[in-house]
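Have the structure open and follow along.

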Amino acid sequence: SGSTGVPKGVLMPHRAIANLVIWGQRESGFNDPARTLQFTPLSFDVAFQEIFSCWASGGTLVVIDEQRRRDAHELLEFLTTARIERLFLPFVALQGLAEAAAGVARTSLPGALRQVVTAGEQLQATAALVEFFEALGNCELHNHYGPTETHVITAHHVAGPPSLWPDVPPIGRAVSGARLYVLDEHQQRVPFGVP
(Lines give C-alpha, C1' and ligand atoms only; values in the text may rest on other atoms or scores of the structure.)
Protein backbone atom coordinates (compact mmCIF):
# COMPACT_ATOMS: atom_id res chain seq x y z
CA SER A 1 0.00 0.00 0.00
CA GLY A 2 1.44 3.37 -0.96
CA SER A 3 -1.43 5.70 -0.04
CA THR A 4 0.67 7.46 2.59
CA GLY A 5 3.50 8.06 0.13
CA VAL A 6 5.60 5.48 1.93
CA PRO A 7 5.22 1.95 0.51
CA LYS A 8 4.44 -0.66 3.15
CA GLY A 9 3.53 -4.31 3.21
CA VAL A 10 0.01 -5.19 4.33
CA LEU A 11 -0.89 -8.58 5.77
CA MET A 12 -4.35 -9.63 4.62
CA PRO A 13 -6.52 -12.72 5.03
CA HIS A 14 -7.59 -14.54 1.89
CA ARG A 15 -11.27 -13.68 2.35
CA ALA A 16 -10.99 -10.19 0.81
CA ILE A 17 -9.67 -11.43 -2.54
CA ALA A 18 -11.91 -14.52 -2.43
CA ASN A 19 -14.95 -12.28 -1.87
CA LEU A 20 -13.88 -10.01 -4.72
CA VAL A 21 -13.43 -12.88 -7.17
CA ILE A 22 -16.77 -14.44 -6.20
CA TRP A 23 -18.52 -11.07 -6.50
CA GLY A 24 -16.92 -10.48 -9.89
CA GLN A 25 -18.11 -13.79 -11.22
CA ARG A 26 -21.65 -13.44 -9.89
CA GLU A 27 -22.41 -9.79 -10.41
CA SER A 28 -19.85 -8.00 -12.52
CA GLY A 29 -19.61 -10.00 -15.72
CA PHE A 30 -16.15 -11.39 -14.99
CA ASN A 31 -17.36 -14.99 -15.12
CA ASP A 32 -16.54 -15.56 -18.78
CA PRO A 33 -13.05 -16.61 -19.85
CA ALA A 34 -11.11 -13.60 -21.10
CA ARG A 35 -7.59 -12.83 -22.20
CA THR A 36 -6.54 -10.64 -19.28
CA LEU A 37 -3.41 -8.52 -19.21
CA GLN A 38 -1.16 -8.91 -16.15
CA PHE A 39 -0.33 -5.19 -16.09
CA THR A 40 0.09 -4.49 -12.40
CA PRO A 41 3.34 -5.34 -10.59
CA LEU A 42 2.95 -8.20 -8.09
CA SER A 43 3.69 -5.77 -5.24
CA PHE A 44 0.37 -3.96 -5.90
CA ASP A 45 -2.88 -5.48 -4.58
CA VAL A 46 -4.68 -5.17 -7.92
CA ALA A 47 -2.32 -7.82 -9.33
CA PHE A 48 -4.21 -10.41 -7.30
CA GLN A 49 -7.51 -9.28 -8.80
CA GLU A 50 -6.04 -9.57 -12.30
CA ILE A 51 -4.63 -13.03 -11.66
CA PHE A 52 -7.37 -14.73 -9.66
CA SER A 53 -10.39 -13.27 -11.46
CA CYS A 54 -8.81 -14.41 -14.73
CA TRP A 55 -7.96 -17.92 -13.56
CA ALA A 56 -11.26 -18.42 -11.69
CA SER A 57 -13.16 -17.77 -14.93
CA GLY A 58 -10.92 -20.03 -17.00
CA GLY A 59 -9.30 -17.12 -18.81
CA THR A 60 -5.77 -16.66 -20.11
CA LEU A 61 -3.38 -14.39 -18.21
CA VAL A 62 -1.08 -12.50 -20.60
CA VAL A 63 2.16 -11.14 -19.14
CA ILE A 64 3.71 -7.93 -20.45
CA ASP A 65 7.32 -6.83 -20.17
CA GLU A 66 8.33 -3.71 -18.26
CA GLN A 67 9.17 -1.64 -21.35
CA ARG A 68 5.74 -2.12 -22.90
CA ARG A 69 4.02 -1.62 -19.57
CA ARG A 70 5.62 1.81 -19.15
CA ASP A 71 5.13 3.12 -22.70
CA ALA A 72 1.51 3.94 -23.56
CA HIS A 73 2.05 3.62 -27.32
CA GLU A 74 3.69 0.21 -26.95
CA LEU A 75 0.96 -0.83 -24.51
CA LEU A 76 -1.71 0.14 -27.02
CA GLU A 77 -0.02 -1.91 -29.74
CA PHE A 78 0.42 -4.87 -27.38
CA LEU A 79 -3.26 -4.82 -26.37
CA THR A 80 -4.17 -5.04 -30.04
CA THR A 81 -1.71 -7.75 -31.13
CA ALA A 82 -2.24 -9.89 -27.99
CA ARG A 83 -6.05 -9.60 -28.38
CA ILE A 84 -6.52 -8.52 -24.75
CA GLU A 85 -10.16 -8.66 -23.68
CA ARG A 86 -9.99 -7.56 -20.02
CA LEU A 87 -7.72 -4.86 -18.64
CA PHE A 88 -7.10 -3.51 -15.13
CA LEU A 89 -5.36 -0.11 -15.10
CA PRO A 90 -4.94 2.76 -12.66
CA PHE A 91 -6.45 5.96 -14.05
CA VAL A 92 -3.10 7.58 -14.89
CA ALA A 93 -2.19 4.61 -17.11
CA LEU A 94 -5.68 4.52 -18.64
CA GLN A 95 -5.46 8.23 -19.42
CA GLY A 96 -2.05 7.73 -21.02
CA LEU A 97 -3.46 4.88 -23.10
CA ALA A 98 -6.39 7.04 -24.21
CA GLU A 99 -4.02 9.84 -25.20
CA ALA A 100 -1.82 7.39 -27.13
CA ALA A 101 -4.92 6.20 -29.00
CA ALA A 102 -5.86 9.71 -30.12
CA GLY A 103 -5.50 9.93 -33.87
CA VAL A 104 -4.85 6.20 -34.26
CA ALA A 105 -6.96 4.47 -36.90
CA ARG A 106 -9.84 2.51 -35.38
CA THR A 107 -8.54 -0.64 -37.05
CA SER A 108 -5.34 -0.26 -35.00
CA LEU A 109 -7.18 0.00 -31.68
CA PRO A 110 -7.59 -3.04 -29.38
CA GLY A 111 -10.84 -4.28 -30.91
CA ALA A 112 -10.98 -7.37 -28.67
CA LEU A 113 -11.07 -5.23 -25.51
CA ARG A 114 -14.47 -5.58 -23.83
CA GLN A 115 -13.86 -4.71 -20.15
CA VAL A 116 -11.62 -2.11 -18.52
CA VAL A 117 -11.41 -1.84 -14.74
CA THR A 118 -9.76 1.17 -13.18
CA ALA A 119 -8.88 1.57 -9.51
CA GLY A 120 -6.30 3.16 -7.27
CA GLU A 121 -6.97 6.75 -8.31
CA GLN A 122 -9.96 8.98 -8.95
CA LEU A 123 -11.51 8.22 -12.35
CA GLN A 124 -12.13 11.23 -14.57
CA ALA A 125 -14.04 11.12 -17.84
CA THR A 126 -11.57 13.26 -19.76
CA ALA A 127 -12.05 14.14 -23.42
CA ALA A 128 -9.35 11.62 -24.42
CA LEU A 129 -10.97 8.86 -22.34
CA VAL A 130 -14.43 9.53 -23.79
CA GLU A 131 -13.02 9.53 -27.33
CA PHE A 132 -11.16 6.26 -26.66
CA PHE A 133 -14.23 4.43 -25.37
CA GLU A 134 -16.39 5.79 -28.18
CA ALA A 135 -13.85 4.41 -30.67
CA LEU A 136 -13.74 1.04 -28.90
CA GLY A 137 -17.49 0.61 -29.23
CA ASN A 138 -18.80 -2.04 -26.83
CA CYS A 139 -16.09 -1.90 -24.17
CA GLU A 140 -17.34 -1.57 -20.57
CA LEU A 141 -15.66 0.72 -18.03
CA HIS A 142 -15.75 -0.26 -14.35
CA ASN A 143 -14.63 2.03 -11.53
CA HIS A 144 -13.44 0.20 -8.39
CA TYR A 145 -12.31 1.55 -5.06
CA GLY A 146 -10.88 0.06 -1.92
CA PRO A 147 -7.85 0.44 0.28
CA THR A 148 -5.24 -2.29 0.11
CA GLU A 149 -6.28 -3.48 3.57
CA THR A 150 -9.73 -4.53 2.29
CA HIS A 151 -9.06 -4.88 -1.44
CA VAL A 152 -11.99 -3.64 -3.58
CA ILE A 153 -15.06 -2.67 -1.59
CA THR A 154 -17.03 -0.51 -4.03
CA ALA A 155 -17.71 -0.76 -7.72
CA HIS A 156 -19.54 1.22 -10.36
CA HIS A 157 -20.19 0.26 -13.99
CA VAL A 158 -19.88 3.51 -15.95
CA ALA A 159 -22.77 2.85 -18.33
CA GLY A 160 -24.32 4.63 -21.26
CA PRO A 161 -22.76 6.55 -24.11
CA PRO A 162 -19.29 7.83 -23.13
CA SER A 163 -20.23 11.35 -24.24
CA LEU A 164 -22.82 11.41 -21.41
CA TRP A 165 -20.52 10.14 -18.64
CA PRO A 166 -20.15 12.50 -15.67
CA ASP A 167 -16.78 14.26 -15.42
CA VAL A 168 -16.06 12.36 -12.21
CA PRO A 169 -17.93 9.04 -12.17
CA PRO A 170 -18.95 7.75 -8.73
CA ILE A 171 -17.05 5.03 -6.89
CA GLY A 172 -20.28 3.07 -6.64
CA ARG A 173 -21.83 0.81 -4.06
CA ALA A 174 -20.42 -1.85 -1.81
CA VAL A 175 -19.67 -5.15 -3.48
CA SER A 176 -21.43 -8.19 -2.01
CA GLY A 177 -19.81 -9.27 1.22
CA ALA A 178 -18.50 -5.78 2.04
CA ARG A 179 -19.95 -3.03 4.24
CA LEU A 180 -19.41 0.70 3.95
CA TYR A 181 -19.51 3.15 6.81
CA VAL A 182 -19.35 6.93 6.60
CA LEU A 183 -17.63 8.31 9.68
CA ASP A 184 -17.37 11.82 11.05
CA GLU A 185 -14.21 13.51 12.30
CA HIS A 186 -14.55 11.58 15.59
CA GLN A 187 -14.71 8.22 13.79
CA GLN A 188 -18.42 7.86 14.62
CA ARG A 189 -20.98 6.68 12.06
CA VAL A 190 -23.08 9.42 10.53
CA PRO A 191 -26.78 8.91 9.68
CA PHE A 192 -27.88 8.34 6.09
CA GLY A 193 -27.81 11.54 4.04
CA VAL A 194 -25.34 13.34 6.29
CA PRO A 195 -22.12 14.30 4.51
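## Ground rules

Strands here are DSSP runs of E at least two residues long, and helices are runs of H or I of at least four, both numbered from the N terminus. With that naming, Gln187 falls in the segment after β7. Keep in mind that this is a predicted model.

Gln187 has a phi near 65 degrees, which is a positive value in a residue other than glycine. Is Gln187 buried or exposed? Its relative accessibility is 56%, so Gln187 counts as exposed, the cut-off being over 50%.

Arg83 is another non-glycine residue with a positive phi, in this case near 55 degrees. You'll find Arg83 in the loop between α4 (72–81) and β3 (86–89).

Thr154 sits in strand β6, which covers residues 154–158. Which backbone atom lies 2.9 Å from a polar atom of the Thr154 side chain? That's the backbone oxygen of Ile171. Leaving out residues up to four places away in sequence, Thr154 touches a list of residues including Asn143, His144, Tyr145, Ile171, Gly172 and Arg173. Ala174, Val175 and Leu180 are among its contacts too.

Now hop across to Ala174, which belongs to strand β7 (residues 173–174). Ala174 has a relative accessible area of 35%, so it is partly exposed, between the 20% and 50% limits. As for Ile153, it is 21 residues from Ala174 along the chain, yet their C-alpha atoms are separated by 5.4 Å.

## One cavity

Rolling a probe the size of a water molecule over the atoms shows where empty space is left. How many cavities of 30 Å³ or more does a search of the whole structure find? The search turns up one, and the volume of the largest cavity is about 40 Å³.

Its lining is made up of Thr40, Phe44, Val46, Phe88, Leu89, Pro90, Val117, Thr118 and Ala119. Two elements, β3 and β4 (115–118), each give two or more residues to that lining. Sorted by class, the lining has seven nonpolar residues and two polar ones, with no charged residues.

Technical notes. Residues numbered from 1 in each chain as written. Predicted model: local features only at pLDDT ≥ 70, side-chain atom pairs only at ≥ 80, totals over all residues. Heavy atoms only, no water. Buried < 20%, exposed > 50% of the residue type's maximum accessible area, 1.4 Å probe, protein only. Polar contact = N/O pair within 3.5 Å; in protein donor to acceptor, adjacent residues only side chain to side chain. Contact = heavy atoms within 4.5 Å. 1 Å grid on protein atoms, 1.4 Å probe; cavity = no way out; pocket = protein on both sides within 12 Å on 5 of 7 lines; lining within 4 Å. Points joined across faces, edges and corners; volume = space filled by probe spheres on them. Nonpolar A, V, L, I, M, F, W, Y, C, P; charged D, E, K, R; others polar.
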